[in-house]
Amino acid sequence: MRAASHTGGRLYRWMRFVLRALTLLAGVALALMMLITVADVLLRNLFAIPILGTYDMVETLMVFVVFLGIGEAFLDDTHITVDVIDHFVGQHALSLLKIVALVLAAVFLGLLLRFMPIPAWEAYIYADRKPDLPILLAWLWIPCLLGILAAFVAVLFKLCCLLRHPFQDQSTAQVTRSVE
């Protein structure tokens, strides 16, 4: 029992480190998006010199923001949620709903992992590029696939933790941390 808990804690710490690194990359991409947009607006309005490819750069960085940040949101349970039903059902029903939601999320992410490599490979074969800048679309599939894989692993980990302690009177974020 102790060895399993120790291994689970190590796995959680490793996963936390990887997901935090991906989220930091997403944060850097978000900051770059902001800086590029502000610079383009200022240069366009003050000096009539727009930055060529601003839309392509911002769109490219958005891929990093969305896909690299989603794994940590799953692990920490920090999605945007509407707690309408939480007040009307008991703890057991709420835990069951969380399990169902995690199973559905795992199925969805698994389907994405199954079918996303095909268009990624096609973008690589045909050397698809952005309209204004010579950015290969195949490179943008890397953070997409990496982020979806990280989110899938995080969802499976959360699901395993919740199935081990389904009716605890704690939030699932605390259950995940109790594995340590």
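The crossing of α4 and α5 is left-handed (the near helix is turned anticlockwise from the far one by less than a right angle). This is a predicted model, where local features need pLDDT of at least 70 and side-chain atom pairs count only at pLDDT 80 or more, while totals for chains, interfaces and linings use all residues. Residues are numbered from 1 along each chain as its sequence is written, and side-chain values use heavy atoms, with hydrogens and water left out.

Helix α4 covers residues 117–125, and its axis runs 8 Å from that of α5 at about 155 degrees. Angles over 145 count as roughly antiparallel, and α4 and α5 are therefore roughly antiparallel to each other. On the α4 side, Pro117, Pro119, Ala120, Ala123 and Tyr124 meet Leu137, Ala138, Trp141 and Leu145 of α5 (contact means heavy atoms within 4.5 Å). By class, that contact has nine nonpolar, no polar and no charged residues.

Now for α3, residues 91–115: it packs on α5 (residues 137–164) at about 155 degrees, with axes 9 Å apart. α3 passes α5 in a left-handed crossing too. Here the contact has 18 nonpolar, two polar and two charged residues.

Notes. Axes are lines fitted to C-alpha atoms, for helices over the stretch in contact, and angles run from 0 to 180 degrees between N-to-C directions. Helices (H or I, at least four residues) and strands (E, at least two) are DSSP runs, numbered from the N terminus. Ala, Val, Leu, Ile, Met, Phe, Trp, Tyr, Cys and Pro count as nonpolar, Asp, Glu, Lys and Arg as charged, and the others, Gly among them, as polar. Angles under 35 degrees count as roughly parallel, over 145 as roughly antiparallel, 65 to 115 as roughly perpendicular and the rest as oblique.
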